[in-house]
Amino acid sequence: MNCKKIRKYLPLYIGADLSSKKKEAVRVHLGSCGECQKEYEAYARSIKTAKEWLSENTVTWGEGGWRRTVQNARAEKAKSSSGFAPWPFKKGWAFAVMGAVMVVAVFFITRPLFLGVEDFPGQTILSQRHPQHETRALSKSPQDVVSMTIVSKDTGLKVVWILNKNFNLEENE
Amino acid sequence: MKNEEELIEAVLQGDEDAFELLLYPYRNNMLNLSYRMVGNLEDAKEVCQEAILKIFKYMSGYKKGKSFKNWMYKIVVNASNDFLRKKRRHEDIFMMKKVMADNLSTSPETQFLNKEVREKIADCLEDLSPKERAVFLLRDGEGLSVKEASEVLSASSMSIRTHLSRARQKLRGRLEKIFPDGPLENDL
């Protein structure tokens with residue numbers, strides 16, 4: 001390894017934060033390079049100073065101050081999870097209630113998809129009155145087919161018109 | 001006296017008194033980490049209160065078997081970053097350096113570092129980005145390994161090494177400017 005690379009590794013070498021392979025390479029290089037050795041010593045001095053400063057210059061928490069801080073945190077927590085909230089608004093219950101409401105809503109919205117096409121009221125009436133058109137009626141939605149029945153008062157003649165969605169007469173089979 | 005695992009179990013069962021006992025040994029670690037992140041003792045206490053509240057609230061999210069201390073550090077670092085983001089005062093958070101230097105405890109071993117030197121070293125942290133500062137404080141201040149720091153900061157080991165290297169380079173550069181003849185030339 002050249003000096004440039006070794007100097008790049010020095011900040012980590014100081015704290016033994018290099019892999020053992022790189023550490024060994026740096027160690028060997030430092031043994032033979034006076035300039036890099038000087039660099040290493042400069043790093044070692046500054047990091048030693050900073051570390052000493054960190055380890056010796058500390059602040060301590062007095063008993064009273066510590067207890068007050070913990071009590072404040074406990075009071076804050078009690079506030080954020082108040083026991084006065086009615087049961088539906090407590091977190092766990094709120095999620096359960098919301099979940100149940102959503103399941104019911106989804107069921108009602110998607111209900112028609114699970115029901116048979118014969119359950120549509122218009123279709124049922126049509127097929128009951130005109131069983132001969134049942135197949136056709138079942139295969140079409142109520143919006144596609146309209147039936148109209150005209151009964152003569154005098155003769156009792158009954159005419160049934162089956163109209164498609166364009167109000168054109170459907171062909172009778 | 002319950003051990004940490006028993007206290008965690010008790011907290012998970014809803015024992016609020018156990019919560020205080022669980023955090024008590026780490027109270028100064030929390031305070032120091034947040035203090036060095038935000039640079040002001042009052043703000044650090046505010047950050048710690050927020051962190052304690054989060055630990056309390058999300059205790060159920062703690063995975064048993066993992067280091068509770070590291071999990072707690074993660075919450076403190078995140079709370080500190082949130083605080084810095086909210087306040088948007090990265091430029092002047094280190095205004096309390098003088099107060100900080102006066103409040104710091106001194107031991108016979110540190111007497112060679114006078115108040116002026118301490119202030120200047122505190123200045124150096126200002127040059128680091130929040131990420132670099134967090135990595136440096138966790139690795140060189142709290143003594144976490146690169147792997148542990150990567151877990152705390154939710155970053156890859158590669159990213160932690162990159163930030164750590166940059167932080168150490170910046171600190172060295174800054175310290176050399178402050179002390180051209182070397183701060184502790186004869187101390188090595």
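**Helix 4 of chain B and its surroundings**

In helix 4 of chain B, the buried residues are Asp43(B), Ala44(B), Lys45(B), Val47(B), Cys48(B), Glu50(B), Ala51(B), Ile52(B), Leu53(B), Ile55(B) and Phe56(B). The model is a predicted one. Helix 4 of chain B covers residues 41-57, 17 residues in total. From first C-alpha to last, helix 4 reaches 24 Å, close to the 24 Å expected at 1.5 Å a residue.

What do the buried residues of helix 4 of chain B pack against? Within chain B, their partners are helix 2 (16-23), helix 3 (27-38) and helix 5 (68-87). They also pack against helix 4 (63-80) of chain A. An α-helix has 3.6 residues a turn, so residues three or four places apart point the same way. Among the buried positions of helix 4 of chain B are Cys48(B), Ala51(B) and Ile55(B).

Next comes the core. The largest nonpolar core has 61 residues. Helix 4 of chain B gives the most to this core, with eight residues. Ala51(B) and Ile52(B) are among the residues with the most contacts inside the core. Val76(B), Val135(B), Leu138(B) and Ala149(B) belong to that group too. Leaving aside residues up to four places away in sequence, Leu138(B) touches Tyr73(B), Leu144(B), Ala149(B) and Val152(B).

Now step back to chain B as a whole. There are ten helices and zero strands in chain B. Read from the N terminus, its elements run α-α-α-α-α-α-α-α-α-α. Chain B has 188 residues, and 39% of them count as buried. Take the contacts in chain B between residues at least 6 apart in sequence: 60% of these join residues at least 24 apart.

Chain A has seven helices and two strands. Along the sequence, the pattern of chain A is α-α-α-α-α-α-α-β-β. Of the 173 residues in chain A, 14% are buried. Among contacts in chain A between residues at least 6 apart in sequence, 25% join residues at least 24 apart.

How do the two chains meet? In the interface, 33 residues of chain A are in contact with 41 residues of chain B. On the side of chain A that touches chain B, the elements giving two or more residues are helix 1 (3-14), helix 3 (34-56) and helix 4 of chain A. Helix 3 of chain A gives the most to this side, with 15 residues. By type, the residues on this side of chain A divide into 15 nonpolar, eight polar and ten charged.

Technical notes: Residues are numbered from 1 along each chain as its sequence is written. Chains are lettered from A and ligands numbered from 1 in the order in which they are written. This is a predicted model: local features need pLDDT of at least 70, side-chain atom pairs count only at pLDDT 80 or more; totals for chains, interfaces and linings use all residues. Helices (H or I, at least four residues) and strands (E, at least two) are DSSP runs, numbered from the N terminus. The expected span of a helix is 1.5 Å times one less than its number of residues. A residue is buried if 20 or more other C-beta atoms lie within 10 Å of its own, exposed if 12 or fewer, and partly exposed in between; C-beta atoms are placed from the backbone. Two residues are in contact if their C-beta atoms, placed from the backbone, lie within 7 Å. Ala, Val, Leu, Ile, Met, Phe, Trp, Tyr, Cys and Pro count as nonpolar, Asp, Glu, Lys and Arg as charged, and the others, Gly among them, as polar. A nonpolar core is a set of buried Ala, Val, Leu, Ile, Met, Phe, Trp, Tyr and Cys residues joined through C-beta atoms within 7 Å.
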